[in-house]
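Dear colleague,

Please find the sequence and the structure below. I would be grateful if you would read the notes that follow with the structure open.

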Amino acid sequence: MPLDRKTSLSIFDRMLVMRHFEEAVIHMHEQKAFAGHYHIYIGQEATGAAVLEQLSKSDLICTTHRNHGHLVGRGCDPGRTMAEIFGRATGFNGGRAGTLHISDASKGFLSTSAIVGGCAGLATGAAFGIKTKRESNVAVGFFGDGSLEEGLVIESFNMAALWKLPVVYVCENNSAGAMGPQQGGYPTAITATSSFINLPAAYGIKCIKVDGADMSAVHAAARSGIEQCRSGNGPVFIEAITVRWPGSSPLWPELATTTDLTAVWEPSRIQGPHADWLRNHDPLLRAAHELLKAGHASQDEIMKYDEQARARIASAVSFALESPLPLTSTVADHIMAGSAK
């Protein structure tokens, strides 16, 4: 079913915030605003934004090391998210979590797990809690295709199916085009199955495979899955296929491509070694094209949304840079294990 104007623009706005946030993270890392490794969500925005669009305020989310997009797409303050990445005291977790573990409980985030597959187990546990309390919420676990190598994920499928838990597993398969064991084919993870959906399907879990760059298709899949969970009919597995963003190829993310929405109506601007990805796989350009085609927005309106998102992220960067580092006197704060004896 085609998306209406309001829904399309809302998803598009989430995608813009995700994209410009990530581009700013790469730029600020190059400026040495923070240290350490980090992961970027560029290329997967249509999946995350379309799923998040349909969650209620009280639904619960568990995500991975590729978490920035989910956070700002959910509505978490980009300034506090950026401050956390920079290790500043104003970050959501006091600067202790950094890029890999940012979490904002006020938006339903239970955890960001940098353990591959970890969030599948956490989302399953959250769904068990929801069912035990007889609530109508759902739990959503975002994870990548590599997670399906982990035993925890398979055990989670089994328990969720046995107990008909209200959990939506969203596998963001970004391995298409990746240089993995199958040299560009997917799955690049090392599993014996030829199709990832065979794994949850073996437990009787409803499975939906979609083009992860198609916001309408992901929206429809997520709506179906969330409705099934809310009606008490058990878990759903969504596999969203995305083609890996060229900037993810090196060890450290780099701005191999930059966002220029005018390329939607001036395609001759798309040039260079990554032209194919921009022309055929960039979910943001595709969403802008669909907005124009459906008559949901004009070129001027699209650029206005883009400018507003860029301004929000510029403000977020300024907030983070101006925020203080944690005081040395607080070094023992936020330690959950108690006395280290």
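Predicted model: local features only at pLDDT ≥ 70, side-chain atom pairs only at ≥ 80, totals over all residues.

Residues are numbered from 1 along each chain as its sequence is written, and side-chain values use heavy atoms, with hydrogens and water left out.

Helix 6 covers residues 151-162; helices (H or I, at least four residues) and strands (E, at least two) are DSSP runs, numbered from the N terminus. Its buried residues are V153, S156, F157 and A160, where buried means under 20% relative accessible area, exposed over 50% and partly exposed in between (1.4 Å probe, protein chains only). Because these four cover an arc of only 105 degrees around the axis, they lie on the same side of helix 6; the arc is that of the directions from the helix axis to the C-beta atoms. The cover over them includes helix 5 (118-132), strand 4 (167-176), helix 7 (198-201) and strand 6 (236-243).

On the face turned away from the buried side, helix 6 carries the exposed residues E155 and L162. L162 counts as exposed at 59% relative accessibility. After helix 6 comes K164, with a positive phi near 50 degrees.

T242 belongs to strand 6 and is buried, with a relative accessible area of 3%. Beyond its neighbours within four places in sequence, T242 has contacts (heavy atoms within 4.5 Å) that include G43, N173 and A213.

With kind regards

Terms used: Expected span 1.5 Å × (residues − 1).
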